[in-house]
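Dear colleague,

Please find the structure below, handed over for your work. My findings follow directly after it.

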Amino acid sequence: MSDFKKQVWELMVKNRRSCHGYQYTLPSPHSYPYQWFWDSCFHAIILCHFNTLDAKKELLSLVSKQFENGMIPHMIYWQKEPKTNFPVVEWGKKDTSAITQPPMLAFAVWQIYQKDRDKGFVEKIYPSLVKLYHYFLSERDPHNNHIASMINPDESGEDNSPRFDIQLNLPPKHTLGENYKRRLKLVAANKQCAFDAPFCMKNFFWVKDVPMNAILIENLKIMEEIASVIGNKVDAAYYLDRSKKFKQAMRDFMLEDGIFYSVYLDPKKNQYQKIKVKTWAAFAPLFAQILTKKEADYVIREYLLNKKHFAAPFMVPTVSCSEPSFDPEGFWRGPVWISINWFIVKGLKKYGYDKLAKKIAENSLALVEKSGFREHFNPLTGEGLGVRQFTWGGLILDM
Ligand code: GLC
């Protein structure tokens with residue numbers, strides 16, 4: 001085992017917790033002392049590089065808190081960690097939040113199945129998968145437009161990304177505190193209607209985000225494969241059909257001049273408006289092969305490899321260096337995050353950009369070797385930022 005792999009294993013074991021017979025991993029014990037939805041999917045992907053048993057446990061604890069309507073909450077408060085002061089948010093729930101995160105569950109299940117071919121596990125978790133994707137396809141797309149919406153920026157996993165500034169009524173430059181306040185206000189408003197998603201979207205915040213939808217599409221494609229493995233041809237055909245429809249809708253509503261933008265519904269005009277902020281979202285469609293080869297070549301050449309935009313000394317900044325909102329230390333407003341590099345690397349490989357993917361993977365490793373398992377990194381200096389003992393660096397094993 002390489003030294004790096006050993007370090008990842010030590011970190012995953014250090015951050016591991018058990019409660020009520022369930023096992024899960026904290027993203028960072030000091031600062032993120034609970035279980036998070038997409039983090040746990042990342043954890044399962046990382047754990048597959050060691051054993052599938054722990055990866056399965058990570059996902060089973062997650063789905064144990066799935067809501068009746070199929071939603072998986074983005075946070076599960078299993079137990080309180082000593083010496084942490086994670087902010088208390090009033091969700092109106094006993095032990096979970098009331099919003100979700102990008103639905104990476106099918107991807108994580110598929111990764112496990114690729115390793116051990118354990119059909120029994122797939123069959124066991126399948127009903128939870130069906131409920132989850134049904135939730136996204138119905139509650140988050142109540143008018144059958146084939147694009148899923150969010151009810152809070154935190155659902156993207158990129159809490160304060162500038163993609164959400166317009167809807168939060170914030171200028172390109174503002175503090176994290178101001179941003180957080182707006183998001184909390186949204187939570188309070190959503191609580192009034194018990195987080196009824198169609199109502200919340202219509203009345204408070206309606207962003208259809210590029211990465212969220214690209215991730216959903218890739219997972220729907222995987223659902224086709226999973227359904228086929230367990231011999232459910234009807235479901236397999238259904239998921240394939242949905243993935244195609246969602247892909248077409250993304251192309252119809254989000255693509256302009258070779259780049260995908262998140263959109264929001266303008267109630268006055270009753271039509272989608274593109275949010276013209278250049279973030280890594282431009283590359284998220286590569287992950288689900290939503291772009292043609294020609295379109296991929298274009299966005300990679302003009303944006304990813306362009307110093308003006310994303311070819312920073314340490315790649316890949318989450319926001320284009322050309323944006324007025326770009327801040328190399330600004331949480332989701334510029335720094336490199338390893339999970340985002342992972343999505344980009346996966347996407348690049350699908351289009352034959354193996355050399356570039358390798359370069360980004362090596363660059364990611366260099367960042368962690370230089371600054372440790374930090375939460376994010378300054379794209380101009382490579383300096384480590386945010387919390388420590390953060391698990392996402394483990395995704396480098398999967399690049
Ligand atoms: C931060 C990140 C989010 C992540 C959580 C736990 O809120 O923005 O994506 O899930 O921390 O790591």
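Asn144 sits in the loop that runs between helix H5 (119-138) and helix H6 (165-168). Please note that this is a predicted model. The phi angle of Asn144 is near 60°, a positive value in a residue that is not glycine. Most residues other than glycine have a negative phi, and most peptide bonds are trans. With a relative accessible area of 46%, Asn144 is partly exposed.

Phe195 also has a phi near 60°, positive in a residue other than glycine. Its place is the loop between helix H7 (176-192) and helix H8 (197-203). Phe195 has a relative accessibility of 10%, and because buried means under 20%, Phe195 counts as buried.

A further backbone feature is the peptide bond between Met315 and Val316, which is cis, with omega at about 5°. Val316 belongs to the loop between helix H12 (293-304) and helix H13 (338-350).

Gln101 is located in the loop between strand E4 (75-76) and helix H4 (105-116), and is buried, with a relative accessible area of 4%. Its side chain reaches the backbone nitrogen of Trp38 at 2.9 Å. Apart from residues up to four places away in sequence, Gln101 touches Trp36, Phe37, Trp38, Asp39, His74, Phe136, Asp154, Glu155, Gly157 and Met212.

Glu218 is part of helix H9 (residues 210-229) and, at 9% relative accessibility, is likewise buried. Setting aside neighbours within four places in sequence, Glu218 is in contact with Phe107, Phe287, Ala288 and Lys350.

Turning to the protein as a whole, there are 14 helices and eleven strands. The radius of gyration is 20 Å, close to the 21 Å given by the globule rule for 399 residues, so the protein is as compact as a globular protein of that length. Along the principal axes, the C-alpha atoms fill a box of roughly 50 × 45 × 45 Å.

Of the 399 residues, 61% are buried. Among contacts with a separation of 6 or more, 68% are between residues 24 or more positions apart. The accessible surface amounts to about 16000 Å², and carbon and sulfur atoms contribute 52% of that area. As for charge, the protein carries 54 positive and 43 negative side chains, and the centres of these two sets lie 1 Å apart.

With kind regards

How values were computed
Residues numbered from 1 in each chain as written. Predicted model: local features only at pLDDT ≥ 70, side-chain atom pairs only at ≥ 80, totals over all residues. Heavy atoms only, no water. Helix = DSSP H or I, 4+ residues; strand = E, 2+ residues; numbered from the N terminus. Rg over C-alpha atoms; globule rule 2.2 N^0.38 Å. Buried < 20%, exposed > 50% of the residue type's maximum accessible area, 1.4 Å probe, protein only. Contact = heavy atoms within 4.5 Å. Areas by Shrake-Rupley, 256 points an atom, 1.4 Å probe, with all protein chains shown as cover. Lys, Arg positive; Asp, Glu negative; His and termini not counted. Charge placed at Lys NZ, Arg CZ, Asp CG, Glu CD. Polar contact = N/O pair within 3.5 Å; in protein donor to acceptor, adjacent residues only side chain to side chain.
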